Each structure stands twice: as structure tokens, then as C-alpha cells.
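I am opening my notebook to record, step by step, what I look up in this structure. I will begin with the ligands, go on to the strands and end with a pair of helices.

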Amino acid sequence: MSHVIPDPARASASSRSPRTAQPAWADRVRELALAPTWVMLRVILRALQLSLLGALVPAHAQSDAVARGEYLFHAAGCATCHTRPEGDDAPAGEALAGGRALDTPFGRFYSPNITPHPDLGIGRWSAEDLWRALSEGVGPGGIHYYPVFPYTSYTRMRREDSDAIHAYLMSVQPHAVPNRKHELAWYVRWRFANRVWKWLFLDQERFVLAPDKDAAWNRGAYLVDALGHCGECHSLRNRAGAVQRERHLVGNPEGPDGESVPSIRSDGEDGIGDWSRSEIATYLNSGEDPDFDFAGGAMVEVIEDNTSRLSDDDRNAIATYLKDLPPL
Ligand code: HEC
Ligand code: HEC
């Protein structure tokens with residue numbers, strides 16, 4: 001018989017049931033009495049199922065992604081630019097709420113708020129939105145970012161790493177800090193020009209494994225060139241501010257804040273050709289170089305926010321890669 005277990009969805013069909021042992025109305029009464037219990041039971045089962053799925057499986061996967069995202073976030077040095085450091089007249093800004101001034105030959109940029117505040121931060125951003133910003137330099141609504149946001153390096157990042165960073169960013173404390181307007185030379189105020197700049201200079205290539213190198217070398221290359229964006233300071237730039245690929249990591253006499261940045265290739269004189277692999281790894285961990293001097297300038301923050309937080313394996317991987325770059 002089809003109505004032993006009453007199904008509310010079929011309740012109306014049941015009154016037309018051809019059963020004759022009992023009057024149709026008795027069937028109907030029994031169904032009406034049972035239907036709410038059955039619906040309730042299904043609601044409870046469904047809720048249980050959802051909470052099991054929601055609370056156990058994805059939450060576990062979710063917290064893994066958040067932890068992985070936090071590690072990658074530091075490996076990519078995002079915190080340095082997006083938090084305002086303590087100034088002469090002001091205490092440090094809220095974590096990741098932006099407002100850090102970045103001086104360039106084109107004017108002064110202020111980093112934006114990347115906390116998950118829904119209106120003043122990126123709380124409404126999907127993982128896809130972050131991926132587009134990091135890989136193409138395009139924001140929601142189609143705005144084109146200035147390359148001071150180093151998507152020129154992040155474009156080599158893997159999609160799953162961008163997604164993990166998104167999961168981490170959505171988990172941090174939101175701050176209601178509005179963005180500050182950049183103070184730029186008139187000729188770079190028009191954002192559309194960034195599109196032209198990208199067309200000329202943005203190599204939107206993904207990271208490819210070098211099959212003739214080992215896993216440590218490839219991991220090092222990924223950490224240096226995609227996440228750590230080391231070349232943004234350590235490579236020469238042309239007059240349009242674009243990193244010159246053929247002058248990769250040769251150093252830059254006019255780095256950030258007009259400071260000279262040394263070569264990190266195996267050049268004997270200027271580079272780190274005479275540093276051993278473990279000396280490089282030590283420097284990236286503690287800032288101490290083979291002459292027992294300590295890192296200064298912009299490298300201090302790189303070591304604090306990024307390389308000192310990496311695993312030993314990852315620091316050794318960076319050293320393996322750098323040691324293998326011939327003089328240029
Ligand atoms: C060298 C400094 C610097 C680093 C490193 C950096 N950013 Fe930014 N970021 C900026 C600046 C400056 C802008 C604004 C660009 C513009 O207005 O065109 C920006 C823009 C953004 C935006 C767009 C926000 C909005 O409201 O439109 C996001 C999201 C973002 N960055 C996330 C990140 C993440 C994630 C990382 C690390 C993977 C990172 N940034 C690393 C400087 C930096
Ligand atoms: C924001 C700019 C900036 C970024 C990004 C940066 N560096 Fe540096 N780096 C510097 C500066 C400036 C120095 C010189 C420090 C000093 O004067 O003590 C330096 C020095 C170094 C040295 C020591 C070289 C020497 O001869 O003393 C190494 C090694 C190094 N960086 C590796 C890296 C690696 C690896 C990365 C990427 C994970 C990186 N840097 C990212 C600015 C930067």
C-alpha cells in the first residue's frame with residue numbers, strides 16, 4: 001500500500017485513494033495527524049545532517065584552509081604594506097586596515113583596508129574577486145590597480161593559494177577604517193592608464209615547474225618569484241616602473257624610498273655568491289649576515305613579516321634557488 005507512511009507531498013492524491021477497507025475520511029484523518037510529526041522528523045534529520053556536514057567536515061577543511069592561508073599570506077608579505085606602521089605622530093594602525101604610505105616616483109600611494117569589513121574593507125569579496133585582483137590587477141567593478149600592488153609577481157601564484165589567502169582574510173578581525181586617496185602626479189591619476197601599462201608590461205604567466213630542477217629549487221623559485229615578490233625590490237625597473245625580467249634580482253640602486261637594494265644573485269662582488277646556502281637561510285631567519293652584521297632598511301620588515309615565519313625547509317628552498325642563479 002502506498003500510504004503506510006504518509007507523505008505530505010502526496011497528501012492530496014491520497015484522498016483519491018481507491019482503498020475500501022476503511023472509509024476515505026479515516027485515512028485522511030490519520031494522515032493529517034501523522035503528517036506534522038513526519039515533517040518535523042524530516043526537518044530534524046535534515047538539520048542534523050546539515051550540522052554534521054557543516055560543523056564537522058567543512059569546518060575542519062575550512063580551518064585547514066585558514067591556517068594554510070595565514071602561512072601563505074606571510075610568505076607573500078601582504079601584511080607589511082597593508083598595515084600602517086607606527087609613525088612620528090601616530091601609533092600603528094589596526095592590523096590590515098591599510099593606510100600605509102608608499103612613496104614612488106609617481107607619487108604617494110596609500111594601501112587600502114583588506115579586513116573583512118563589509119563596506120570599508122573587502123568583506124563582500126568572493127575568492128574569485130581576490131584571484132582576479134592578484135592575478136590580473138583588476139578589482140570588482142573592473143577597476144585597474146596600480147602596479148605598486150605587486151600583482152606583477154602574484155600573477156604567478158597558484159589559484160588554490162589565492163583561495164586559502166581569501167579564507168584567511170575572511171577570518172581576521174574587521175576594522176572600520178576608510179581608505180585614503182592616493183596623492184599622485186597628474187599624469188598617473190587616470191586609472192585607465194593602468195590598463196595600458198598592463199598591456200605593455202604585465203606578463204600574465206603562471207608559475208611553471210622546471211622539470212630539470214629538484215623539488216627544493218622549484219619551491220624556492222615559487223617562494224621568491226610568485227609569493228615573496230623579491231624582484232619587486234631586488235630587480236632593476238625601467239622608466240615606466242616595470243620590473244625588467246632580464247635584470248632579474250641584479251639589485252636596484254633606486255629601490256623603495258630611494259634606498260639601494262643589493263643583488264641576490266651569485267655575483268661575487270655585489271651579490272651573495274660567496275654566501276653558503278645555510279648562511280642565506282640564517283640571514284632570512286634572523287637577519288644576521290656572514291659578517292655578523294644585521295639586515296637594515298626595507299629588508300628588516302621582509303624578514304620580520306615574511307621569511308622568519310617560514311619553515312626551515314622553505315628558507316632552505318629559497319637559498320637553494322638563489323645559489324643557483326648565475327651572475328648577470
Ligand atoms: C608593496 C605593497 C603591497 C603588497 C606587498 C601587497 N599589497 Fe595589496 N595593495 C597595495 C596597494 C598600494 C593597493 C592599492 C592599489 C590601487 O589603488 O590601485 C593594494 C590593493 C589591494 C587590494 C584591493 C583592495 C580594494 O579595496 O580594492 C587587495 C584585495 C589587496 N591589495 C590584497 C593584497 C594581498 C592579499 C597581498 C599579499 C598576497 C597584498 N595585497 C600585497 C599594496 C600592497
Ligand atoms: C621591500 C623591498 C625588499 C623586498 C620585497 C625584498 N628585499 Fe631583500 N633586501 C632589501 C634591501 C633594502 C636589502 C639591503 C639590506 C641592508 O642594507 O642591510 C636587502 C638585502 C637582502 C639580502 C642580503 C644581501 C646582501 O648582500 O647583504 C638577501 C639575501 C635578501 N635581501 C633576500 C631577499 C629575498 C629572498 C626576498 C624575497 C623573499 C627579499 N630579499 C625581498 C629589500 C627588499
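Entry one, the shell around ligand 2. I keep in mind that this is a predicted model. Looking for helices that take part, I found that helix H9 (231-234), helix H10 (277-286) and helix H11 (299-305) each supply at least two residues of the shell around ligand 2. Of the contributions to this shell, that of H9 is the most, with three residues. I then looked up how many residues surround ligand 2 and noted 26, of which the closest are Gly228, Cys230, Cys233, Gly296 and Met299. Sorting the residues of this shell by class, I wrote down 15 nonpolar, eight polar and three charged.

Entry three, the strands. I traced an open sheet formed by three strands, whose order is E1-E2-E3 and whose pairing is antiparallel. Strand E1 (101-104) and strand E3 (183-184) are the edge strands, since each of them pairs on one side only.

I returned to H10 and looked at how it packs with helix H12 (residues 312-323): the angle is about 130°, and the axes are 8 Å apart. H10 is therefore oblique to H12, because an angle counts as roughly antiparallel only when it is over 145 degrees and as roughly perpendicular from 65 to 115. Is the crossing of H10 and H12 left-handed or right-handed? I recorded it as right-handed. On the side of H10, the contact is made by Arg277, Ile280, Ala281, Leu284 and Asn285, while H12 brings Arg315, Asn316, Ile318, Ala319, Thr320, Leu322 and Lys323. Classed in the way I used for the shells, the contact of H10 with H12 has six nonpolar, three polar and three charged residues.

Notes:
Residues are numbered from 1 along each chain as its sequence is written. Chains are lettered from A and ligands numbered from 1 in the order in which they are written. This is a predicted model: local features need pLDDT of at least 70, side-chain atom pairs count only at pLDDT 80 or more; totals for chains, interfaces and linings use all residues. A residue is near a molecule or strand if its C-beta atom, placed from the backbone, lies within 6 Å of it. Helices (H or I, at least four residues) and strands (E, at least two) are DSSP runs, numbered from the N terminus. Ala, Val, Leu, Ile, Met, Phe, Trp, Tyr, Cys and Pro count as nonpolar, Asp, Glu, Lys and Arg as charged, and the others, Gly among them, as polar. Two strands pair if DSSP finds at least two bridges between them. Axes are lines fitted to C-alpha atoms, for helices over the stretch in contact, and angles run from 0 to 180 degrees between N-to-C directions. Angles under 35 degrees count as roughly parallel, over 145 as roughly antiparallel, 65 to 115 as roughly perpendicular and the rest as oblique. A crossing is left-handed if the near helix is turned anticlockwise from the far one by less than a right angle, and right-handed if clockwise. Two residues are in contact if their C-beta atoms, placed from the backbone, lie within 7 Å.
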